[in-house]
Amino acid sequence: MTKVITLATSKGGAGKTTLARSLACHWYNLGIKVGVIDADPQGSIITRHNPEGLLKDMPIIAQPEETVNDTIEEMKRSCSIILVDTGGFRNRTTIKALIATDIALIPLKPSADDVAGALETYDLIKELNETPERVNNHIKYRMVLTMTQQGTVISRHVREELKSMGYSLLENELYHRVAYPEAAIQGLSPSLTDPESPAARDISRVVGEINNLV
Ligand SMILES: Nc1ncnc2c1ncn2[C@@H]1O[C@H](COP(=O)(O)OP(=O)(O)OP(=O)(O)O)[C@@H](O)[C@H]1O
Ligand SMILES: [Mg+2]
């Protein structure tokens, strides 16, 4: 059965698009049928995508409208994993995507504003899990630390605080690595541009945890 993973947080610039692209490239590289829906009105994924490039056989659809759930259903026919990238603010499209989602990933940098955005997004998911559509089939979620500096106190502190408050986080994180913005120039991610790189290894670890969730 197709798994739908939505990247969401109401905080802009937390790393949604980078994580969506990274997961897509990782699975594509393994030969898994993965599709991407760019539900962000900014179209960050679609504008960088090269239909003739390394991801040429991966379906990517821009759908920033509230009909995103129809697009998800449509894509389920041809893909086993669907990644939905959303805009950095609460809107109807994100809500529709979340309702159609198996797992919501909430990226956050170790900063007060990103934590606030992550908590707001958690509250939204909790609210949606009380609606008739999802009351018996909850949207799973995990927060994911991004752009962290290895060995710094702040990311460990944020992780421990969130865990002590009862929130669920992936154990692995996406460290701050220049390989991400470099690969993003061509709409790619380190899993494709440099599969042996430390960034590609970070992504593999995150994928391992997501695989255990689905
Ligand atoms: N792990 C990382 N290491 C280094 N740079 C990163 C990392 N993750 C993201 N970035 C950079 O940080 C910026 C913001 O990331 P990204 O675009 O993924 O965030 P976003 O949540 O999608 O933003 P928006 O809310 O605008 O859609 C980008 O320039 C991206 O290249
Ligand atoms: Mg984005």
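Q: Which helices and strands each supply at least two residues of the lining of the largest pocket?
A: This is a predicted model, where local features need pLDDT of at least 70, side-chain atom pairs count only at pLDDT 80 or more, and totals for chains, interfaces and linings use all residues. Residues are numbered from 1 along each chain as its sequence is written, and side-chain values use heavy atoms, with hydrogens and water left out. A pocket is an open set of points on a 1 Å grid over the protein atoms alone where a 1.4 Å probe fits, with protein on both sides within 12 Å along at least five of seven lines, and lining residues have an atom within 4 Å of a point. Helices (H or I, at least four residues) and strands (E, at least two) are DSSP runs numbered from the N terminus, and those asked for are α1 (16-29), β6 (140-148), β7 (174-175) and α7 (179-184).

Q: Which element gives the most to the lining of the largest pocket?
A: Of the 21 lining residues, the closest to the pocket's centre include Gly13 and Met147. With 3 residues, the top contributor is α1.

Q: Why is α4 oblique to α5?
A: Axes are lines fitted to C-alpha atoms, for helices over the stretch in contact, and angles run from 0 to 180 degrees between N-to-C directions. Angles under 35 degrees count as roughly parallel, over 145 as roughly antiparallel, 65 to 115 as roughly perpendicular and the rest as oblique. The axes of α4 (residues 92-99) and α5 (residues 112-128) come within 11 Å. The pair is oblique because the axes cross at roughly 55°.

Q: Which residues of α5 make the contact with α4?
A: Contact means heavy atoms within 4.5 Å. From α4 come Ile95, Leu98 and Ile99. On α5, the residues are Leu124, Ile125 and Leu128.

Key:
Chains are lettered from A and ligands numbered from 1 in the order in which they are written.
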